Amino acid sequence: MKHHNINIIAALMLLWLLPQTGKSQQYTGISGLVHVPSGEMNHEGDAFIGAHFLNKAMTPDTGFIYPGDGKKYHTFDYYISLTPFSWLEMSYVCTERIYRKDAQGHVLNWSKDRYASVKIRPLKEGKYHPAITIGGNDVLTTGYLPGHTDVQLYFCNFYVAATKHFTFGGNELGVTLCYRYYLRGYNSKWNGIVGGITFRPAFFPQGRLIAEYTGNEFILGTDMLLWQHLRLQASLKDFKHFYGGICLQFNLLGKKYTY
Amino acid sequence: MFHRNPFFRHFAIVAVLLAVSLCASPPKAKGQGSSPSIDFFSGINFGFSDMHFERQYDVLLQLTPGFKFNFGNHWQLAGQAVVPIVNTYGEQYKYVQIGAFNISKEFRISKLHLKASAGVFDMYRYGVDLKAFLPLCGWFAFEGQMGYVGTMYFNETFHINKPNTFVWTVGGDIYLSQWNTQFRGTVGRYLYRDYGIEAEAMRHFNHTTVSVYGHWSNEYGLDGGFRIVIALPPYHRKHRAVNFRLASNYQMSYSVMYKVYSNRMYHTDPEENIRHGWFSRDLLQWGSHTMEPDFIITEKKKKNETP
């Protein structure tokens, strides 16, 4: 097991040798840290199409347990997201759930949990004040409509986040503080004050390292962008559980950004 | 006795409107309307739906070859076939269908832009259709559409029913040029004889439009989702008398509730989409038509022509 972890850490370090950029809470397609939302926003016109591996250590404790054996399982999601304006981000996410296994325990069918996320920035970052964003994941459900009873909202949470960046010698330090509330009691371990820091070094301004506290665990991670369109995120929860994804990124206004 | 028959009554209304509109004096056309040409093109329809637990997705992939013959002054003959390539949607999608075969005419009476069409449309419909667009100022316009249609499709044999459905929509458009953002609201009677309302917010980017929409139907209730339209390259084209190209756009739409009969309306043009609207760019300068054009089209020079 230890060998396995060393390999993952080595892979993270290797990825840092490549050109990189990013500011994504990437499993939702919305900007942020890894699991913690931030006050940052993607650029106007940015569109993402991606998929993310969700370690069972980071999925909700209900909805992602197979009823047949009572065990949690690793899964993944996929999403599209868009930043139509500099102050608004939206995304649509499908998370895979095991629907049926055979007698040997092999998965026969997957089903999907769908949700939408939205993030608004009422206050842009200034010289002396942080950027403030409010938002939520899994904010809509068809379960409240007539004829529907399945109100799931496994990932439903709302937040207010503030991020301020400080520069010194060309390096950039980002500090994020966030108050988050999960609707479902089984996610309450991620409620309350959460936050993290990011570091973007002067010698490599496209890059970013992330360290965050989710309310229940510590996560270390990094984002990167290859060939301007291929974006990766990799992270470790408590130095043990891998959590990462890949996505295609385009700017629909045709703009190119350094990060 | 004919006036008591709903078929003849509705047909007469639309036919009179079409006749009046076609007889109206057309303005001198420029650009697309001025030189006769024929375009052969092809695109794809790609659909996927999550309706069965046994499959991740049902998939429908169709090839959509077509043509548009512009014979001057904004007269157009358009045709399109819909050819199934991959189909797990069901039996009804396994046949080749006509996506369009109709003649249309665009023209203008003062500020009022009109487009009249007759023939076969998509959604397995044929009949007559009239669209109207009235820009009141740079940011607000009224729009309306009415048609009288019947069904027509292939399913082992050829099926055709006489026109029996009168459809209409009226609404307004707001365009905020600073943000290339458009809001559209309509009420109407739709193809499956339901009455409903629809609201849509569109953000136009360089070659892409993304919209979110919501609608309500008295028969089918609430639904919503998003639409994406991508103008397909090449964006610099030479215009010849005969042109072969990709379809002008690829579009997809997502419906949260998958209410396939709710607030549905046919399209008369095989390349019709929410980004480019109903009217030619050279005739109507409003909304997304005031942005940089998706396609820069230059006339092909003749051999003896000096620059």
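Helices (H or I, at least four residues) and strands (E, at least two) are DSSP runs, numbered from the N terminus. The model is predicted: local features need pLDDT of at least 70, side-chain atom pairs count only at pLDDT 80 or more, and totals for chains, interfaces and linings use all residues. Residues are numbered from 1 along each chain as its sequence is written, and chains are lettered from A and ligands numbered from 1 in the order in which they are written.

**Exercise 1. Characterise the secondary structure and burial of chain A.**

Step 1. The secondary structure of chain A consists of one helix and 16 strands.

Step 2. A residue is buried if 20 or more other C-beta atoms, placed from the backbone, lie within 10 Å of its own. By this criterion, 39% of the 259 residues of chain A are buried.

Step 3. Two residues are in contact if their C-beta atoms, placed from the backbone, lie within 7 Å. Of the contacts in chain A with a separation of 6 or more, 53% are between residues 24 or more positions apart.

**Exercise 2. Determine which strands of chain A form the closed barrel.**

Step 1. Strands of a sheet pair through backbone hydrogen bonds, either parallel or antiparallel. Pairing requires that DSSP find at least two bridges between two strands.

Step 2. The closed barrel has twelve strands in the order 3-6-7-8-9-10-11-12-13-14-15-16 (chain A), with antiparallel pairing.

Step 3. Neighbouring strands of this sheet are turned by 20° against each other on average, direction ignored; the axes are lines fitted to C-alpha atoms.

**Exercise 3. Trace the pairing of strand 14 of chain A with strand 13 and with strand 15.**

Step 1. Strand 13 (residues 208-213) and strand 14 (residues 218-226) of chain A run antiparallel and are joined by six bridges. A:Leu209 has A:Thr222 as its bridge partner.

Step 2. Four residues lie between these strands in their hairpin, and A:Gly215 in the turn has a positive phi of about 105°.

Step 3. Strand 14 also pairs with strand 15 (residues 230-237) of chain A, in the antiparallel sense over eight bridges. Here A:Ile219 has A:Lys237 as its bridge partner.

Step 4. This second hairpin has three residues between the strands, and A:Trp227 takes a positive phi near 50°.

**Exercise 4. Describe the side of chain A that touches chain B.**

Step 1. The contact takes 14 residues from chain A and 13 residues from chain B.

Step 2. On the chain A side, strand 6 (75-85) and strand 8 (107-123) each supply at least two residues. The largest share, four residues, comes from strand 8 of chain A.

Step 3. The residues on this side of chain A comprise eight nonpolar, five polar and one charged. Ala, Val, Leu, Ile, Met, Phe, Trp, Tyr, Cys and Pro count as nonpolar, Asp, Glu, Lys and Arg as charged, and the others, Gly among them, as polar.

Methods:
A residue is buried if 20 or more other C-beta atoms lie within 10 Å of its own, exposed if 12 or fewer, and partly exposed in between; C-beta atoms are placed from the backbone. Axes are lines fitted to C-alpha atoms, for helices over the stretch in contact, and angles run from 0 to 180 degrees between N-to-C directions.
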